[in-house]
Amino acid sequence: MSRIYQLKRQPAGAPDPASAHASIDFAAELNPQQFAAVTSPPGKALVLAGAGSGKTRTLTYRVAYLLENAIAPHNILLLTFTNKSAREMLERVDHLLPGRTAGLWSGTFHSVCNRILRRHAAAAGFTSGFSILDSDDSKSLMSKVIKDNAETVKQIERATGEKFPKAPVILSLLSFAVNTRTPLAKVVRDRFSPGHDVSEGIRKIADQYDQRKRDANSADFDDLLTRTLDLFSSHPGILAEYQFQFQFILVDEYQDTNPVQGEIIEKLAGTHGNVMVVGDDAQSIYSWRGADFANIIGFPERHSGTQVFKIETNYRSTPEILSVANASIGLNTRQFAKALQPACASLQHKPVMAALYTPEEQAMFVAQRMQELHDEEGIPWNEMAVLYRAHFQSMEVQLHLTRAAIPFVVTSGLRFFESAHLKDFTAYLRLIVNPRDDASFERIAQMLPGIGAGTAAKMLASWRLSPFASSGTLPTSFSDLLASIKVPARAQADWTQLGFTLDEFLDGNGGIHPPATLMRSLWEGVYQKHLKASFDNASSRTEDVLQFMAFADRYESLQDLLSDLSLLSGPEAADSAKSKDRESVVLSTVHQAKGLEWKVVFIVWLAQGMFPNLRAVEESGDLGLEEERRLFYVAVTRAREQLHLLYPRFWPKSYAGDPWQQPSQFLSEIPSTAIDEWRIGSGF
DNA sequence: TTTATTAAAGTTTTT
DNA sequence: CTTTAATAAA
């Protein structure tokens, strides 16, 4: 039985905000509402911060305030929505208090859980090199399980007369059930098939999927959270360790946390209850991922003694932009009443609304207008953004910006390393760290000529018997290990070569070389050849791999590199991997634009059915519509000075249904006095 | 195992 | 209409 011995520490109780030794003048640098939140005494606190009200500022000053009051950095846990925002916040704290943030834990729920699981891997039922499955990996594993259960599937299809759901559908049902802590059967009934009960079949497949993840020493995104919770329940001593360590917990974007994440906070704060959650119910846009903004609304009821702080001055947008935002969000029925006050002066122009003829013309409008704003008003490219509901809506804009030679970056749907070639390349690395990673082994095998799924599975069977795969001890020679696995004659030469390349990984002291060295061996020994042989656009892919290798240079641990690859989201990874020094216009989904701001914003495709998205509304009715409206609210409040609301009247590519587009109801809901309507003449 | 042919489905957001 | 998935043949 382990025992936690509590050191007597300085009471963290309400320190004097005006204490003489403080080097930051909190009262002068914050408005009274922010100041109250920043200097609040320990305990439960809910900070309701409207869009552009200095939410990040409040949080960073709160961290600085804790540090100023002798709280050690390692006693603070800062949970954020993206790793990028965690990094930015720490940079800002570091600016206030140079060199004082070392040892502070911060990041997304997923990355913090990952960190905990790696430290206590054995207790959590892993080895510390466990692999993280991204959505592609999960999907292919799930497809395999479904294939294994072909009989059951056929039976169910016969009984119900309907198609059995495919892997992505099952995964999303499963994920929703897990994240909301709802029984799978109920989720299946509510969200998939009201007519027939297929939940038993899905349950069976889900269980096998879970087992195969465990066999492969792998975790999907949801596992990172749930298995951390499992670890906490099965090992109270470990939980106590972290409860003791994290004396102060701060949570950003609380409106988008789901029940599992809520449980993690609750567990960690169990003994001391020093939790400050910050969020805005009007910006809750992740309900499809299990987030429920009832969480934020009900926080005070769930935790007696919660202090509530409201921060309602908007420092970002002009009054004209704000009045559009307020008019729209005001139509939602489920929300906290709030009054967002503009602090910025009017610039005497209203947001612009324009109907263009086609998506092409919409894109031309964006490009032309951007060029004008850049040339005539001197607005730099990186102060302009195009926002849209779905990635495909950026296609025409990309085309016309390219044509106009306007530099831009797209926050694509794909993570940087989710492209096939980078996944191929990392499969070798993953297998070294986690020899039980079946998917990586099969991927490697199938890159060899003449080897498909069947042969790969046979090879996997003998791989599993090797001491490396079963015990995890590095072999003294990879070439010997590979030689013991039979391959078809066609693949023999490449297989032998791979063995030699892997031998170069070993540093001769029972360990492996740093990631950068491994990757160079791999690239020169194996992958360069494969890439040239199997992709027609090999040169741009080569570019990616080289960029990736440069990115990996800064890592000393292969494991850390691989974790970061899985957990850093698209734009963050791209930021670090690609050069971002060039000044560019940003193209982004509204979701990914959360927390960002620009001087000039264009929202495109504001057509009924597109934004609000038809499916979102069909799926969850009024609730869905209100979430779409919150999304629109987020989009509008990204703009500081100029806002353009656009939609195409006619969509020639619409193959089903009516190509004529109606303006989004979000446009009709705005009082006409609040906007300038531009009528577009085409210059042809 | 790979490639060719045909049929079907697709139009959301992401750690 | 375009892209992807399933199926058949080489």
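In the predicted model, helices α19 and α26 are oblique to each other, since the axes of α19 (residues 420-433) and α26 (residues 538-552) cross at roughly 45° and come within 9 Å. The crossing in which α19 passes α26 is right-handed. On the α19 side the contact involves His-421, Leu-422 and Phe-425, which meet Arg-541, Asp-544, Val-545 and Phe-548 of α26; by class, the residues of this contact comprise four nonpolar, one polar and two charged.

Helix α11 contributes Leu-225, Thr-226, Thr-228, Leu-229 and Phe-232 to the contact, and α13 contributes Val-260, Gln-261, Glu-263, Ile-264 and Lys-267. Five nonpolar, three polar and two charged residues make up the contact of α11 with α13.

At the level of domains, the assignment for chain A comprises domain 1 (26-122 + 224-311), domain 2 (131-216), domain 3 (349-413 + 569-678) and domain 4 (418-568). The centres of domain 2 and domain 4, taken over C-alpha atoms, are separated by 30 Å, and the contact between them draws on eight residues from domain 2 and nine residues from domain 4. On the side of domain 2 that touches domain 4, β4 (131-133) and α6 (135-148) each supply at least two residues, the largest share, four residues, coming from α6. The residues on this side of domain 2 divide into three nonpolar, two polar and three charged.

Methods: Residues are numbered from 1 along each chain as its sequence is written. Chains are lettered from A and ligands numbered from 1 in the order in which they are written. This is a predicted model: local features need pLDDT of at least 70, side-chain atom pairs count only at pLDDT 80 or more; totals for chains, interfaces and linings use all residues. Axes are lines fitted to C-alpha atoms, for helices over the stretch in contact, and angles run from 0 to 180 degrees between N-to-C directions. Angles under 35 degrees count as roughly parallel, over 145 as roughly antiparallel, 65 to 115 as roughly perpendicular and the rest as oblique. A crossing is left-handed if the near helix is turned anticlockwise from the far one by less than a right angle, and right-handed if clockwise. Two residues are in contact if their C-beta atoms, placed from the backbone, lie within 7 Å. Ala, Val, Leu, Ile, Met, Phe, Trp, Tyr, Cys and Pro count as nonpolar, Asp, Glu, Lys and Arg as charged, and the others, Gly among them, as polar. Domain bounds come from an automatic or database domain assignment.
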